[in-house]
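Please examine the sequence and the model shown here before reading on.

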Amino acid sequence: MGNLYHQIAAEIISQIEKGGYHVGDKLPGVRAASVTREVSASTIVAAYDELLDGGYIEARPRSGFYVKARAQADFLSPKMSQPSMIPRDVVGQQLVLQLLHQTQLASVVNLGPAVPDVKILPSAAVEKSVVKMARLHRLNVCSYELFPPGNLELRQQIAKRMALLGCQLDVKDIVITNGCQEALLLTLKALTSPGDVIAIESPSYYGLLQIIEHLGLQAIEIPTDPIQGISLDALQLAMDHWPIKACLVVSNFSNPLGASLSDDSKKALAALCRKNKVALVEDDIYGDLGFGHQRPSVCKSFDEKVIYCSSFSKTLAPGLRVGWVASKQLAATICQLKFMGSITCPTIVQYAMADILAGGKYERHLRGMRIQLAQSMHQLVLAIERYFPANTRITQPKGGFVLWVELPLENLISKNFDTYELTLRLLDEKIAITPGKIFTTTQKFKNCLRLSSGGIWTPQKEKALKRVGELIRQAYKE
Ligand SMILES: Cc1ncc(COP(=O)(O)O)c(C=O)c1O
């Protein structure tokens, strides 16, 4: 039966979302569906079970399966951010690592990490590929995998996948890195000198702020819509006023907002950067994790000069540390920088990753993972509705596993309310959230936090979120 049932469930979800099925419509019976789809009845039962679990359908006794009205939580989305649009030094990022050390202890229920729960990662498939490739390449695994740009088969597999996204790349244009973090670091190193200004989203992934601090750059935070991503008008304005060297965006299901640029915005962003001679760096690390049927587009498909960074950390195995940069113009410089910094990437993980991609395991795994992410995101949203104060605003992303919460400012008992303090308080109770202020260089987002479903919603997480809600409510007047 394999993953066929996932595929069938995903197809039906997509039909429901596109309006092919309406609330109250009856799905074909198990026997009829198994005949039409030419699969076993047990495959259909498994697919319908998955739809039941996700709250997409309901079973009516002696009648059949019906499309259900999904409890769509009735939240307003957070407002467009309003940073001051002045370049700033980035300082104090050591705070983030200190905080992460505490949140990642095994005894802590972590409701904030932008990391998939290990239970939804294909550990057995990874193990098989590692063992198989270690045997097959017995003589090579203990030696360097040549030098950058890295393993050829892996780069071929990545080039093939990127061609499906409309990016025609030569394998020479792809450099394998230790995750997306190193891809971003080497890219910004190649593009900038200390003191240069980088335009980023607001709020922005804190790992990027770490890189900006490390390289001695300045960040200019650009107003960002929590649903539609970076404001192009504001970016244009910033480009008119400041000598911006590069602009970095997470184009699909961003961290921490979960925002995605539309195709038109991606195209317009690439054109805007080209017109203003600003390098556009696209971080697409969550792009494969959309809940819909169609993989979202990438800015690079609209302009080959876009520098594309990604990894398999959010989809397959953060521990393998396999990422890449794709850029014809920068590949040689990035190879040099990679060599100077860490020579090359580990050999065995590159072989294993190439094997996982070539054998189709990655695609099969993604099909199931996307459904699970959609379900767990839905459960997280419903839990926030149950426990958080009225007038809380949240993003409801269409992919990935993190969302952004904006707590109301009205009726707070103290004007100094800060989700960072709340985080420390919760850590005493072995619960972690990710506070808003680590996603900015400014004093903003103290009433915000990032939450994550992790891809699995458990009774333990539900209990922890209930406690988070209780403590938040205590910060408000009755
Ligand atoms: C937007 C974004 N870019 C890059 C990274 C770093 O990814 P990696 O673990 O592959 O280095 C993360 C991890 O949280 C991320 O959220």
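The text below considers a helix, then a strand and its partners, and finally a set of salt bridges.

This is a predicted model, in which local features need pLDDT of at least 70 and side-chain atom pairs count only at pLDDT 80 or more, while totals for chains, interfaces and linings use all residues. Residues are numbered from 1 along each chain as its sequence is written, and side-chain values use heavy atoms, with hydrogens and water left out.

Helices (H or I, at least four residues) and strands (E, at least two) are DSSP runs, numbered from the N terminus. Helix α3 covers residues 41–53 and has 13 residues. From its first C-alpha to its last, α3 reaches 18 Å, close to the 18 Å expected at 1.5 Å a residue; the expected span is 1.5 Å times one less than the number of residues. Buried residues of α3 include T43, I44, Y48 and L51, where buried means under 20% relative accessible area, exposed over 50%, and partly exposed in between (1.4 Å probe, protein chains only). Among the elements that cover the buried residues of α3 are α1 (4–17), β1 (57–60) and α13 (361–387). After α3 comes G55, with a positive phi near 80°.

Strand β14 (residues 402–406) has five of its five residues buried. V402, W404 and E406 lie on one side of β14, and L403 and V405 on the other, so that both faces are covered. Two strands pair if DSSP finds at least two bridges between them. Strand β13 (residues 393–394) pairs with β14 in the antiparallel sense over two bridges, and R393 has E406 as its bridge partner. Strand β17 (residues 448–452) also runs antiparallel to β14, joined by five bridges; here L403 is partnered by L451.

Side chains of opposite charge can pair when their charged atoms come close. A salt bridge is a side-chain nitrogen of Lys or Arg within 4 Å of a carboxyl oxygen of Asp or Glu, and the structure holds 19 of them. In one, the closest N and O atoms of K132 and D355 are 2.8 Å apart. K132 lies in helix α5 (residues 123–136) and D355 in helix α12 (residues 347–358), so this pair ties together parts that are 223 residues apart in sequence.

R161 forms a salt bridge with D288, their closest N and O atoms being 3.2 Å apart, and both residues are buried. R161 also forms a salt bridge with E363, at 2.3 Å between the closest N and O atoms. That pair links helix α6 to helix α13 across 202 residues. Salt bridges with shared partners join R161, D284, D288, R295 and E363 into one network.

Conventions:
Contact = heavy atoms within 4.5 Å.
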